[in-house]
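Hi everyone, and thanks for coming along. Let me put the structure up so that we can walk through it together.

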Amino acid sequence: MCGLSQHAAAKLLGISTESLKAVETALDIESISPFLIVRAAQGYEVTTDFLLGVAVEDDWERDPATQLMREWSVQSNQRQFEMLTSMISCVESHCRKVHKAEAAISEMVNEYEELVAAVERFIEITDGFNNIPGSARLLLHTKKFGEVCREAKHQLIRCKILPKKKPDD
């Protein structure tokens, strides 16, 4: 009871261990004296109403310092709960943003691959592509865009947002 062994609780109450067992198992409730109830309330620092089961839920401590500490603990736990709820909300919001970024980057990588295929096909079917004004610039920026896409994808993998590619992929 209250973290005490039966022997220690019996000693606190001034009764035998056998008597305490009878009280705890409600085998002999007629023999519980008012003196034992008062002594238990004092020993466990609760009200007699609490022991008898008639106390209001929040009114079980006798000691004002203990009651104040319990109230402080409740308020502290409430603040911690509110802070954790707020933090969870922020994390969920960030997760949604990260998933949107992941989707956008994945789409960007897919579109880059389509762009490369289109440029390669254009080069293939256009005679003298290298002589067309702006062709070198198109190739340069296509290459740079590919580097940006690969780096973005690498960062998503590094941050464990995207899974690592297997060697046979």
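In which hand, left or right, does helix 1 pass helix 3? The crossing is right-handed, a word used when the near helix is turned clockwise from the far one by less than a right angle, with anticlockwise being left-handed.

A quick word on ground rules: this is a predicted model, where local features need pLDDT of at least 70 and side-chain atom pairs count only at pLDDT 80 or more, while totals for chains, interfaces and linings use all residues. Residues are numbered from 1 along each chain as its sequence is written, and side-chain values use heavy atoms, leaving out hydrogens and water. Helices here are DSSP runs (H or I, at least four residues), numbered from the N terminus.

Back to our pair. Helix 1 and helix 3 pack with axes 9 Å apart, at about 115°; axes are lines fitted to C-alpha atoms over the stretch in contact, and angles run from 0 to 180 degrees between N-to-C directions. From helix 1, Ala9, Leu12 and Leu13 meet Leu36, Arg39, Ala40, Gly43 and Tyr44 of helix 3, where contact means heavy atoms within 4.5 Å.

Helix 1 (residues 6-13) also comes within 9 Å of helix 2 (residues 17-24), axis to axis, crossing at roughly 95°. The two are therefore roughly perpendicular, the term for 65 to 115 degrees, with under 35 roughly parallel, over 145 roughly antiparallel and the rest oblique. Helix 1 brings Gln6, His7, Ala9, Ala10 and Leu13 to this contact, and helix 2 brings Thr17, Leu20, Lys21 and Glu24.

Last stop, the largest pocket, with about 250 Å³ of space. A pocket is an open set of points on a 1 Å grid where a 1.4 Å probe fits, with protein on both sides within 12 Å along at least five of seven lines; lining residues have an atom within 4 Å of a point. The volume is the space filled by probe spheres set on the points. Of twelve lining residues, Val23, Ile32, Ile37, Ala40 and Leu51 are the closest to the centre. Helix 3 gives the most, four residues.
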